[in-house]
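Biologist: I am new to this structure and would like a close look at a single part of it. Please pick one element, describe it in detail, and then place it in its surroundings.

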Amino acid sequence: MLELRNVDTGYGTFQALFGASLEVRLGEAVGVIGPNGAGKTTLMRVISGLIRPTAGQVLWEGTDLATVPAHRIVELGIAHVPEHRRLFPRMTVEDNLRMGAFMPAARPKFAQRLEFVYGLFPRMKERRNQLAGTMSGGEQQMCAIGRALMSDPRILLMDEPSAGLAPVIVQQVFELVRRIRESGLTVLIVEQNVQQVLKVVDRAYLLEAGTIRMSGTAAELSASDTIREAYLGV
Amino acid sequence: MGFFDIFLVEALVNGLLLGGVLALLALGLNLIFGVIDVAWICYAELVMFGMYAMYYFVIVFGLSYWVAAPMAIALIGVMGVLLHVLVIAPLLGTAPINQLLATGGVLFFLQSLATVAFGIDFRNLGIRLPTLEVAEVFVSYARLLAFGAALTGMLALWLFLTRTYTGTAIRAIAQDREIMALMGVDTRRVYVITSAVGGALAGLASCLLVLQYDVHPFVGLSFGPITFMICVMGGLGNMIGGFIAAFIFAEIISIGGLYLDLEWGYVFAFVFFIAMMFVRPEGLLARRS
């Protein structure tokens, strides 16, 4: 469904990814783990077109996304929950969700998608007229995920959904991820919280210094000595 | 003292009416600044062209005011788009000073162009609307019309910004430019729409101002500086702040003009502005970040 082939990219003279390759198949939940600054966010940005590959290909069902303008990529069914949530802080929750349904194909389905998102996050319904920036971190994360779901995507890219949240909220966020993938959506999730993410994904990749170092099923990675020592602290 | 109070009431009412038009002017400038992050230094010159458009449509081509007004609004909307596409868009992403200098250059270009094209004569529509008297307070219909139309225009803009997808995107872009692509929004297209709306607001203002003021190539100087002061005092890009600041300035001008001359009203307004810059440099409704 989604495939990165030997992708190089970076910012100016700084190269962030070196020949990164990964694959996500329909219905899978795939994780990308790795330390801060490994290029995880860049990996997400190169898929949704916020940054372009300097070499290699990003393929979505056979289409090279490099030829698609960034604002058209969401129309292909790729929704991105960005790092730090990036809500519109001085707009209401419902206006934020409305922005998620901006693309023409999503507008007629707005009421139906809104109901779906409110069903998933009843808290968002309670707070629908509240300014997004005034909510707690966990609520903002729900809103950010809800906004991405408004476009009725086929794959959800999640960049560090647990970052900056209290441990008990982190649990809730991963529970949500589990529910979202159980609803049949394909998920690609980038996380530093290795222990938690390996519990919800089928497969994962280890990204270090812009290079994919290891890949395998969640069970294989959990059992690997490298990961256990460096990331799980056992 | 009764005599004196009537004049004060009249000044207050006129200040309120003036405030409506100033608020409309400030709104267009704030919209552009908030969304595109560029100050159209030549904003009042667009108004000047709109006033000339009204003059030509009504006096030269003999159209009725009500036919001419929508045409002038559309024309200045197109001018706003041209300004964006030809001057602003190529400079987006460069140092802000470049954009300031470029739109400043457009200001002198438009003034000179108007001088060449229209001459330096003062022109007006020759429409003299009557004066309304309510309890010994005299208010001109032109000002009432301007006030009503300005409020209607602002209401229409508010509905557009809050009730449509494009309007919501315009508000969102001012808060987070970079992720708009993730929402499926083509920011370049939103900029063009915003420029058209900003131009149309200038066009609406020109239809109203032409009822009260003569048009000449330098008439922009009468509104431009005060509009900028209002925007800065309200907090650049803050539409509500600009709205409030417009009425504060209008009342200072109107009441100051009552006790001394109208020119003194402007002097007070500028002194107030400078004083406010010491007290609240970020504007009246500055957000604490």
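Modeller: What is described here is a predicted model. In a regular strand, side chains alternate between the two faces of the sheet. Because 5 of the 5 residues of β7(A) are buried, the strand is largely enclosed by the rest of the structure.

Next come the pairing partners. Strands of a sheet pair through backbone hydrogen bonds, and the pairing is either parallel or antiparallel. β7(A) pairs in the parallel sense with strand β6 (residues 78-81) of chain A, over 4 bridges. In that pairing, I155(A) of β7(A) is the bridge partner of I78(A). β7(A) also pairs in the parallel sense with strand β8 (residues 186-191) of chain A, here over 5 bridges. On this side, L156(A) stands opposite V187(A) in β8(A).

Chain A has a domain 1, made of 1-77 + 154-234, and a domain 2, made of 84-153. Taken over C-alpha atoms, the centres of the two domains of chain A are 23 Å apart. Their contact takes 13 residues from domain 1 and 9 residues from domain 2 of chain A. On the domain 1 side, β7 (155-159) and α7 (167-182) of chain A are the elements that give two or more residues. The largest share of that side, 4 residues, comes from α7(A). By class, the domain 1 side divides into 8 nonpolar, 3 polar and 2 charged residues.

For comparison, there is another sheet in chain A. It is an open sheet of 4 strands in the order β2-β1-β4-β5, with antiparallel pairing. Its edge strands are β2 (14-24) and β5 (63-64) of chain A, each of which pairs on one side only. β5(A) pairs in the antiparallel sense with strand β4 (residues 55-60) of chain A over 2 bridges, and T63(A) in β5(A) stands opposite W60(A). Helix α1 (residues 40-48) of chain A packs on this sheet, touching β1 (2-11), β2 and β4 of chain A. The direction of α1(A) makes about 70 degrees with that of β2(A).

Then there is a helix pair. Two packed helices are described by the angle and the distance between their axes. The axes of helix α3 (residues 93-100) and helix α6 (residues 137-149), both of chain A, come within 7 Å and cross at roughly 35 degrees. The crossing of α3(A) with α6(A) is right-handed. From α3(A), V93(A), N96(A), L97(A), M99(A) and G100(A) meet C143(A), G146(A), R147(A) and A148(A) of α6(A). The residues of this contact are 5 nonpolar, 3 polar and 1 charged.

To return to the part in focus, β7(A) is a buried strand with parallel partners in β6(A) and β8(A).

How values were computed: Residues are numbered from 1 along each chain as its sequence is written. Chains are lettered from A and ligands numbered from 1 in the order in which they are written. This is a predicted model: local features need pLDDT of at least 70, side-chain atom pairs count only at pLDDT 80 or more; totals for chains, interfaces and linings use all residues. Axes are lines fitted to C-alpha atoms, for helices over the stretch in contact, and angles run from 0 to 180 degrees between N-to-C directions. A crossing is left-handed if the near helix is turned anticlockwise from the far one by less than a right angle, and right-handed if clockwise. Two residues are in contact if their C-beta atoms, placed from the backbone, lie within 7 Å. Ala, Val, Leu, Ile, Met, Phe, Trp, Tyr, Cys and Pro count as nonpolar, Asp, Glu, Lys and Arg as charged, and the others, Gly among them, as polar. Domain bounds come from an automatic or database domain assignment. A residue is buried if 20 or more other C-beta atoms lie within 10 Å of its own, exposed if 12 or fewer, and partly exposed in between; C-beta atoms are placed from the backbone. Two strands pair if DSSP finds at least two bridges between them.
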